[in-house]
Amino acid sequence: MNDHLETLLRSTLHDQLDQVQPSDELARVAAQRGSARRRRALVAISAAAAAVVGLSTAGMALLQSLNGDSLTASTDGLRTAPAPPAGQQAVSFHGIQLFVPSDWAVGASSCPGTGRPHVRFVDGASAGCAEAPAPVTSVLLADASGQAGTHYAALATSPAFVDGKPARRGRGPAPGGAPVADVLLVPQTGAVVVVFDLEQAGFPVLDSVHFAEVDQVGCRDQITTFVPPAPQRQDARTELLPGGPVRVGVCRYVDGWLMRSHELAGAEIRGLQQLLGAAPIDVQTTRAGRCSVAQAEGVLLRAEYATGEPVVLSARIDGCPWQVSNGTVTRGLTGALITALTDAVGHTNSLGNTGELPTQ
Amino acid sequence: MVSVRRTDESFDDFVVRTGPALVRFGTGLTGDRAAGEDLAQEALTRCWSSWQRSSFPEHQDAYARRVMLRIFLRGRERTRPTATATDIADRTDDPAASVVERDLCWHALQGLSRAQRAVLVLRYYEDLPDERIADLLGCPTSTIRSHAARALAKLRTLDELRPHPGATR
């Protein structure tokens, strides 16, 4: 418990916090409460009047935050990712976004081909191929706490900034000695961006890195729970995913951070709806002893409709438990469903139990 | 941190007694004094509602912290500390290496997820055992240990926070 870092944490927190004092504003809270107590009757009348004229937007937001959580809370006011310039596509990873040319391949759950420039993720989704640099221009996205991320993060030794926040840049060899890579470490989110510009394409990938609280697909950068609130839509109280969504985004989270996101195309949406419709009513419960040590990993699916509230489905893909839910309707999670949910957003399979997934 | 409500204590007294600690706690969570005070103030406002209904729990300090954590972890607190080029330059020029190191550590804390940050603040500033942290956050103790382990692992990847000869604390 008493290693260097823990000692440093204690001294840092006490150094930063011990001298903090509340302003007079906080003291006024008590005074206002006292006044409010004396004016209780007046407050009651005001509250009744407010109820008649309807809740304000802020009031609605507050109620939403009290009753729900970040899965469906309004994203108004959050820093939404800018749209990519013409001819480019946005890639989300670990709280950041970056732009790459539209014709680059963005690695899915299999090793990308080496014939054209591409983006790879070192998050387990491309196990076995992610750390070996391909002989073409490519971008590698890694978590700074992982093995590859640690190696590249150590190369980033020069001060830099991302959206005004401190970061580090550097240049050095990949494991094994070559090729040379340009590296950007974003300490705020733990993301490491590595560019192997073998073709010297000169595309400014590192310069395009930016923070986004909501990405292009509509996924929040961080969540604190996989439990969705009860849906507002009437039809979502009987159906897992009501028909007719106009936009469906899949967001994959590991330990609370957005790792990958993807907007489903029409055929993908229809296929997913079929699988959800066939999901078993019997829900397999959590296997005791496995979940407690696993990192939280799961997928949120956000379906927007032409009218009415969106519907959010959540599915933990680490077996804790094997079920998909919209907050009211819950069904069993089948292997085919997991594949459909995670195909475009990777799957670290942190428990190593793909072979044990329940099947239909 | 835990105290039983004093039957003769008014809400005003409660704010005066607990306010400074709550603001420090909020600052630890958010990484920003103003945001920390906003968080404490919002929590106190909600506590006031419970106080009025005479449903304010016995362990009032812990309850106030639990309310703060709930607000914080739901992501309603969106302020993130920003560092300017001048800030960094000032820090780098500081002759006391330990001060720079603590400053870097403070900023590195802001790079963790909200849940990880909350666990570290409760463990290393409030000196709470993991069982009490689990109670406050409403999750299993194993989850707390997992959050702490992953947070520490992430911080250990930062070169600036590794021990170096001559560092004093």
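## Two helices packed against each other

In this predicted model, helix α6 (residues 266–277) and helix α7 (residues 335–342) of chain A have axes that come within 10 Å. These axes cross at roughly 150°. Because angles over 145 degrees count as roughly antiparallel, α6(A) and α7(A) are described as roughly antiparallel to each other. The crossing of the two helices is left-handed.

From α6(A), the residues A:Gly271, A:Leu272, A:Leu275 and A:Leu276 take part in the contact, meeting A:Ala336, A:Leu337 and A:Ala340 of α7(A). Of the residues in this contact, six are nonpolar, one is polar and none is charged.

Strands of a sheet pair through backbone hydrogen bonds, either parallel or antiparallel. In chain A, three strands form an open sheet in the order β1-β2-β10, and their pairing is antiparallel. Strands β1 (88–93) and β10 (210–211) stand at the edges with a single partner strand each, so one side of each has no neighbour in the sheet.

Six bridges join β1(A) to β2 (residues 96–101) of chain A. One of the paired positions brings A:Phe93 together with A:Ile96 in β2(A).

Strand β6 (residues 156–162) of chain A pairs in the antiparallel sense with β7 (residues 165–173) of chain A over six bridges. Here A:Pro159 has A:Arg168 in β7(A) as its bridge partner. The hairpin of β6(A) and β7(A) has two residues between the strands, and A:Asp163 takes a positive phi near 50°.

Strand β7(A) also pairs with β8 (residues 180–186) of chain A, again in the antiparallel sense and over six bridges. In this pairing, A:Arg171 stands opposite A:Asp182 in β8(A).

Methods:
Residues numbered from 1 in each chain as written. Chains lettered and ligands numbered in written order. Predicted model: local features only at pLDDT ≥ 70, side-chain atom pairs only at ≥ 80, totals over all residues. Pairing = 2+ DSSP bridges. Helix = DSSP H or I, 4+ residues; strand = E, 2+ residues; numbered from the N terminus. Axes fitted to C-alpha atoms, helices over the stretch in contact; angles between N-to-C directions. Parallel < 35°, antiparallel > 145°, perpendicular 65-115°, else oblique. Left-handed = near helix turned anticlockwise from the far one by under 90°. Contact = placed C-beta atoms within 7 Å. Nonpolar A, V, L, I, M, F, W, Y, C, P; charged D, E, K, R; others polar.
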